Amino acid sequence: MLKKRLIPVLFLKEGNLVRSQSFTIHQYIGDPISHVKRMMDWNVDELIIIDIDPEEFSFQKQRNDHKSKPINTMTDFTKLISEELRIPLALGGKIRSLDDIKLRIQNGADKVIINYLLSYNHTIVEKAVEAFGSQAIVASVDYKVIDNEAIVFTDHGKNNKNLKLLDWTLFAEKCGVGELFLNCIDRDGTAKGFDLENIDKISKALNIPVIACGGAGSYDHFLDCFLKTEASAVAAGNIFHFKENFYPISKNFLLEKINSVRP
Amino acid sequence: MPKVAILDLGIGNIKSVYNASKIYEDNVIIVENAEELYNVKPDKIILPGVGAVGEAIKEMRKRGFEKCLNDMVIKNQVNFLGICLGMQILAEECHEFGNFKGLGWIKGQVKALKKNNNLKVPHVGWNSIKILKNEKNILSDLNNKDFYFTHSYALECDEKYILSKTYYGYDFVSSIKYNNIYGVQFHPEKSAKDGEMVFRRFMAL
């Protein structure tokens, strides 16, 4: 039986792990490498890492304390962690071209998460699907609920695209992407629970797997999302950093309730 | 000293296969064409593969691997492990964005996953395997364990080749074994500890 996935998301800014709220407030948490190690100890199903830094380059601090290699760039970072990471790794952020995609895949990413390209140059998305396969391309779509209607936003939640979520996600599917990463901006960092209504609607309408993100505040929220929607995976950031051993605790809770999760 | 050759078709991330192989074997070499492969004279060959099968088959022929693999794996019985597309390529024909002729080592065809019960395609995530062969093999004791899959196509072949099946609306072929040839549809290099075990067993053949 195919298992429902529980995926931690790490948001990076200036090479640091940050907590995100409403896509605008970013609070420093710590060194991403030690957090990746913790995820490996937890035996997580998959890992998503998103570089949300608006500047072209992160990792401003010259770090020399990780083995012998300094970690200055996102590529250094990916190379280092993928050496020991024996689970799927998806990388997002600052992907503007086919070369950006290639660079990430060659350095250890199994999938790339694209958002900007879908809006501004979707033919590159189609080319990437052809070159790397649909399994390697995940479309990320951010939305806000306005007057009971889910509306797509782009550019880190800054620009209202004036498009309905359903139409835009169907367009993403048509471009050939292998998965959809659905992020509800209103719920980001609120711990109020997932936007079940829209997740359900989109996951039923699409034929590709949907990863739902935004709003996880307890393990009940993960369970709710699995029971009440057809999402193939749930993702969360903040909560895995602030609650002690929250990943294994959530997994154990889910395993008691449903058998479609990986032990 | 055993030598493991990993074939690079120039598409996708083969580093994770390299990294996982290195845990159990020091002497792992990535080769980009047949000439290099003949020089290396490996006693194990791994063909990883992600992406589109047509592109992979084209690259395999362009790099001269077809004849070389027939010499080494069929004639000289070098142990072989095909991963994902690396398994699909072994079939006679692959129907994915057109029809492509595979190596034909396994009598069978690669076809789109059957769509039923509104199941999502691609089949992405962790799914368990049901082992059908009792003899000792690289998946022994891994019955019912979860492995990471990501694919839209699957191999359809004679039962005699099938090592395990996996359920996704129906039972599809998730691994094969034929003499010295192994193929897995899942990604052992991305399947945590149980995946590492597959590499360990293959290295010990």
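Colleague: How many aromatic pairs does a search of the whole structure find?
Modeller: Over all chains, the search finds 16 aromatic pairs. Rings of Phe, Tyr and Trp (its six-membered ring) pair if their centres lie within 6.5 Å; planes under 30 degrees apart count as stacked, over 60 as edge-to-face and the rest as tilted.

Colleague: Why is the pair of A:Phe240 and A:Phe246 called tilted?
Modeller: The ring centres of A:Phe240 and A:Phe246 are 5.9 Å apart and the planes meet at 50°, so the pair is tilted. This is a predicted model, in which local features need pLDDT of at least 70, side-chain atom pairs count only at pLDDT 80 or more, and totals for chains, interfaces and linings use all residues. Residues are numbered from 1 along each chain as its sequence is written, chains are lettered from A and ligands numbered from 1 in the order in which they are written, and side-chain values use heavy atoms, with hydrogens and water left out.

Colleague: Is A:Phe240 buried or exposed?
Modeller: Buried means under 20% relative accessible area, exposed over 50%, and partly exposed in between (1.4 Å probe, protein chains only). A:Phe240 has a relative accessible area of 0%, and is therefore buried. A:Phe246, at 5%, also counts as buried.

Colleague: What kind of aromatic pair do B:Trp126 and B:Tyr148 form?
Modeller: With centres 5.9 Å apart and 70° between the planes, B:Trp126 and B:Tyr148 form an edge-to-face pair. B:Trp126 belongs to strand 8 (residues 123-128) of chain B and B:Tyr148 to strand 10 (residues 146-151) of chain B, so the pair ties together parts that are 22 residues apart in sequence. B:Trp126 is buried at 0% relative accessible area, and B:Tyr148 is buried at 3%.

Colleague: Which residues do ring pairs link into a cluster?
Modeller: The cluster consists of A:Trp42, A:Phe194, A:Tyr219, A:Phe222, A:Phe240, A:Phe246, A:Tyr247 and A:Phe253.

Colleague: How many helices and strands are there in chain A?
Modeller: Chain A has 10 helices and 12 strands. Helices (H or I, at least four residues) and strands (E, at least two) are DSSP runs, numbered from the N terminus.

Colleague: Why is chain A said to be as compact as a globular protein of that length?
Modeller: The globule rule gives 18 Å for 263 residues and the radius of gyration of chain A is 17 Å, which is close, so chain A is as compact as a globular protein of that length. The radius is taken over C-alpha atoms, and the rule is 2.2 Å times the number of residues to the power 0.38. Of the 263 residues in chain A, 59% are buried.

Colleague: What radius of gyration does chain B have?
Modeller: Chain B has 16 Å; a compact globule with 205 residues would have a value near 17 Å, so the two agree. The secondary structure of chain B comprises 6 helices and 14 strands, and 61% of its 205 residues count as buried.

Colleague: Where is A:Ile50, and which residues does A:Ile50 touch?
Modeller: A:Ile50 is in strand 4 (residues 47-51) of chain A. Its relative accessible area is 12%, so A:Ile50 is buried. Contact means heavy atoms within 4.5 Å. Not counting residues up to four places away in sequence, A:Ile50 touches A:Val9, A:Leu10, A:Phe11, A:Leu12, A:Gly92, A:Gly93 and A:Phe181.
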